[in-house]
Amino acid sequence: MAAIITKGLTKQYKDVTAVDQLDLTIEDGELFALLGVNGAGKTTTIKMLTCLCGPTGGDALVKGYSIMTQAQDVKKMIGVSPQETAVAPNLTVRENLELMAGIYGCDKDRVTELIEQFDLNAIAGKRAGKLSGGWQRRLSIAMALVSEPGVLFLDEPTLGLDVIARSELWDHIRALKGHITIILTTHYMEEAESLSDRIGIMKNGRLLRVGTAEEMKAAAGTDKFEEAFIKLVKEGR
Amino acid sequence: MRMLTFAGRTSKEILRDPLTVAFGLGFPLVVLLLLSAIQGNIPVSLFEIQSLTPGIAVFGLSFMTLFSAQLIAKDRSSSLIQRLYTTPLTAGDYILGYTLPLVPISVLQSVVCYLAAILLGLEVTVHLMGAMIMIIPVSVFYIALGLLCGSLFNDKQVGGICGALLTNLSAWLSGTWFDLNLVGGAFKKIASLLPFMHAVEMERAVLMGDWSGVFPHLWWVLGYGFALSLLAVIVFTKKMKK
């Protein structure tokens, strides 16, 4: 079953088309990376799929619910970890998780479970604003998982993190693979290559190519994914 | 349930900023002490404690307008709110979730104000309790005004609009500092169409034990409070989708 289906999804801002006729299907349990240079339309696509803004054309089904007409149902099915670390800085780690649990009507046992799963025990009583960037990102992803969503959106999850923090976060993301559908946007090519089942490359609001990292490399005639990405984007094929 | 969870988070955010809370509670106290000191040194009866205190209790709530406006405007610029926009929380949940924690702080502010007034010579009567209870609908109006401003403007703009403009409007058009009949004309007409004067008149009537004098002022306060809350929800909904 498909977790996400977009049909002609379009977002027009006055004279700029941020997303242009996007047709995409993402299967259940898949980890799908959305790549593209700045302004390619990745973030706008994520914003539409998470009901942060409405499309000006087309529609998308998230777990069978329309983002146009069933936004409240879509919101119950998704978890989002935004680009910037979206935590309440004056609340403790546990309180941040409890906030999300209360909003989704989840049991408090779920909070304890996530604290264990993400190794947050030692810092559970610390205010989120006092944590390092790596710990805040880890908390941010844990918060997105409180409601046990069907689809998890990770917008640049490792942006600005050091190598160790990034590697630790990758381990946590890998552990989620197969259990949940993940849509990942990133500028790090090795991240997309290492984590994703399939990759979509966007350019000027359009989906340029969809496939596995291996397929992309084969199409570009290179064995390095970063080179393949650059070539595909530059040639626009 | 969702709304109460969000209100709980707002309460924690407020209480973990004790300096702002302390300033909010102490704000009317300073004004009351200052005006009482002026009254003690002038030969005319300008700031009598019996009529001054309800005015200051109401005027003190203009701080809640600033406070609520900054709270929501600051939140709107944060990435946390972007996350919360993707949850099933509705605009109504947000507005109520911001309002509820600020009501007890407003009541506490009026308690501090009336206690200080007692020390300055205000007669202790059972009506004091009524005055503190009737501050609740007034506080809802002031908080809603702040939430509307905070939904419309950013956190830098609300400082000027709510901190300077609205505080002055609330002061001059409420009849706290001078009798509006002395000015009369268009000034009084405008004041009578706004809720500030009605809030003060209502508080004064309650403090005097004149419960029939509460009307029609209460309707003005409730009407404005309801209309502004509704408007805040509508504006917040629009901003959520931007």
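Buried means under 20% relative accessible area, exposed over 50%, and partly exposed in between, with a 1.4 Å probe and protein chains only. Helices (H or I, at least four residues) and strands (E, at least two) are DSSP runs, numbered from the N terminus.

## Basis of the model

This is a predicted model, in which local features need pLDDT of at least 70 and side-chain atom pairs count only at pLDDT 80 or more, while totals for chains, interfaces and linings use all residues. Residues are numbered from 1 along each chain as its sequence is written, chains are lettered from A and ligands numbered from 1 in the order in which they are written, and side-chain values use heavy atoms, with hydrogens and water left out.

## Strand β3 of chain A

Strand β3 (residues 31-36) of chain A is mostly covered, with six of its six residues buried. Both of its faces are covered: Leu31(A), Ala33(A) and Leu35(A) are buried on one side, and Phe32(A), Leu34(A) and Gly36(A) on the other.

Two strands count as paired if DSSP finds at least two bridges between them. β3(A) runs parallel to strand β8 (residues 181-185) of chain A, to which four bridges join it; here Leu34(A) stands opposite Thr185(A). β3(A) also pairs in the parallel sense with strand β9 (residues 198-203) of chain A, over five bridges. In that pairing, Ile201(A) is the bridge partner of Leu35(A).

## The antiparallel sheet of chain A

An open sheet of four strands in chain A has the order β2-β1-β4-β5, with antiparallel pairing. β2 (16-27) and β5 (65-66) of chain A stand at the edges with a single partner strand each, so one side of each has no neighbour in the sheet.

Eight bridges join β1(A) to β2(A) in the antiparallel sense, and Lys11(A) stands opposite Val19(A) in β2(A). The two strands form a hairpin with two residues between them, and Lys14(A) in the turn has a positive phi of about 45°. Strand β1 (residues 2-13) of chain A is also joined by five bridges to strand β4 (residues 57-62) of chain A, again antiparallel. Asp59(A) in β4(A) is the bridge partner of Lys7(A). Helix α1 (residues 42-49) of chain A lies across β1, β2 and β4 of chain A and runs at about 115° to β1(A). Such angles run from 0 to 180 degrees between N-to-C directions, and axes are lines fitted to C-alpha atoms, for helices over the stretch in contact.

## A helix pair in chain B

The axes of helix α2 (residues 18-39) of chain B and helix α4 (residues 62-76) of chain B come within 9 Å and cross at roughly 160°. The two helices are therefore roughly antiparallel to each other. Angles under 35 degrees count as roughly parallel, over 145 as roughly antiparallel, 65 to 115 as roughly perpendicular and the rest as oblique.

The contact (heavy atoms within 4.5 Å) is made by Thr20(B), Phe23(B), Gly24(B) and Phe27(B) of α2(B) and by Ser62(B), Phe63(B) and Phe67(B) of α4(B). By class, the contact has four nonpolar, three polar and no charged residues. Ala, Val, Leu, Ile, Met, Phe, Trp, Tyr, Cys and Pro count as nonpolar, Asp, Glu, Lys and Arg as charged, and the others, Gly among them, as polar.

## Backbone exceptions

Most residues other than glycine have a negative phi, and most peptide bonds are trans. Cys51(A), although not a glycine, has a positive phi of about 65°. Cys51(A) lies in the loop between α1 and β4 of chain A and is buried, with a relative accessible area of 17%. Asp119(A), also not a glycine, has a positive phi of about 50°. Asp119(A) is in the loop between α4 (108-117) and α5 (133-145) of chain A and is partly exposed, at a relative accessible area of 48%.

In chain B, the peptide bond from Phe215(B) to Pro216(B) is cis, with omega near 5°. Pro216(B) is in the loop between α11 (195-207) and α12 (217-240) of chain B.

## Two buried helix residues

Glu95(A), in helix α3 (residues 93-104) of chain A, is buried, with a relative accessible area of 15%. Not counting residues up to four places away in sequence, Glu95(A) touches Lys12(B) and Arg16(B).

Ile115(A), in helix α4 of chain A, is buried at 0% relative accessibility. With residues up to four places away in sequence left out, Ile115(A) touches Arg94(A), Leu97(A), Leu120(A), Asn121(A) and Ala124(A). The C-alpha atoms of Ile115(A) and Val93(A) are separated by 8.7 Å, and the two residues are 22 residues apart along the chain.
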